[in-house]
Amino acid sequence: MSDELEALRKEVTELRTTVKLLNDVHEINDVFFKWHFECTGGFKGKQAGRAAALECLTEDAQIDVPPNPPGKGPKGREEYTEFWDYFYGDEGPLPYVFQTSTADKVVVDGDSATQYSNMLGIFQARGGQPTIGLSQRINTFRRTPEGWRICKTTIEGGLSSTLTAGLNPHGLNELPPQQERVPFHIRKY
């Protein structure tokens with residue numbers, strides 16, 4: 001009887017470990033979905049790059065993406081908020097954004113994790129042609145008292161092309177004049 005009980009205890013422990021891991025992966029992917037969802041906008045009255053995306057980040061997070069040189073992206077709440085405020089909103093230079101990720105793989109190591117994903121994005125800078133891009137992202141996460149948050153988000157390269165057909169203007173936000181803004185990467189380097 002004790003061998004059977006010990007085997008049952010072991011099985012329950014393994015199941016608890018598996019359920020905890022699956023919960024962590026689910027929560028991490030939910031945070032990254034929110035990140036993409038809050039970045040997406042410029043249509044039906046919804047602005048691109050809403051500030052709620054920043055809730056997905058730790059206080060010391062780094063956004064290591066172009067146009068910043070590798071390793072030179074904004075780090076910490078003050079810098080990444082400044083970076084965000086430059087680019088997004090109907091008055092900014094990047095008013096139209098749609099992005100999502102697929103094929104997410106998450107490796108959890110205690111209270112930290114790495115997520116690998118492929119991203120599809122359509123972006124249209126003010127006055128420019130829309131582009132479509134496929135890129136690979138590597139994101140690191142940390143468990144915080146508020147749940148999993150992004151510590152660093154990167155774009156590891158990919159492919160992009162101009163959409164020569166353009167975007168259907170029906171439903172796109174009508175843009176006010178662009179506000180004068182200085183890009184984060186120019187101010188800092």
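**Core, strands and cysteines**

Modeller: This is a predicted model.

Biologist: Which residues have the most contacts inside the largest nonpolar core?

Modeller: They are W35, L57, I63, W84, F141 and I150, in a core of 27 residues. The elements that each contribute two or more residues to this core are α1 (2–39), β1, α2, β2 (96–109) and β5 (147–162).

Biologist: Is N68 buried or exposed?

Modeller: N68 is buried, because its relative accessible area is 6%, and buried means under 20%. Its side chain reaches the backbone oxygen of V65 at 3.2 Å.

Biologist: Turning to α2, which of its residues are buried?

Modeller: Y80, F83, W84, Y86 and F87 are buried in α2. Viewed down the helix axis, the buried residues of α2 fall within an arc of 160°, so they line one face of the helix. Just after α2, G89 adopts a positive phi of about 95°.

Biologist: Now the strands. How do β2 and β3 pair?

Modeller: β2 and β3 (residues 112–124) pair in the antiparallel sense over 12 bridges. One of the bridge pairs is Y96 with Q124 in β3. The two strands form a hairpin with 2 residues between them, and G110 in the turn has a positive phi of about 70°.

Biologist: And in what sense do β3 and β4 pair?

Modeller: β3 and β4 (residues 131–144) also pair in the antiparallel sense, over 12 bridges. L120 stands opposite L134 in β4. The hairpin of β3 and β4 has 6 residues between the strands, and G127 there takes a positive phi near 75°.

Biologist: A last topic: how many disulfides does a search of the whole structure find?

Modeller: The search finds 0 disulfides. C56 is in no disulfide, and the nearest cysteine sulfur, that of C39, is 8.1 Å away. For C151, also in no disulfide, the nearest cysteine sulfur is that of C56, 12 Å away.

Biologist: Are C56 and C151 buried or exposed?

Modeller: C56 counts as buried at 3% relative accessibility. C151 counts as buried as well, because its relative accessibility is 14%, and the limit for buried is under 20%.

Notes:
Residues numbered from 1 in each chain as written. Predicted model: local features only at pLDDT ≥ 70, side-chain atom pairs only at ≥ 80, totals over all residues. Heavy atoms only, no water. Buried < 20%, exposed > 50% of the residue type's maximum accessible area, 1.4 Å probe, protein only. Polar contact = N/O pair within 3.5 Å; in protein donor to acceptor, adjacent residues only side chain to side chain. Core = buried A, V, L, I, M, F, W, Y, C linked by side-chain atoms within 4.5 Å. Helix = DSSP H or I, 4+ residues; strand = E, 2+ residues; numbered from the N terminus. Pairing = 2+ DSSP bridges. Arc of directions from axis to C-beta. Disulfide = S-S within 2.5 Å.
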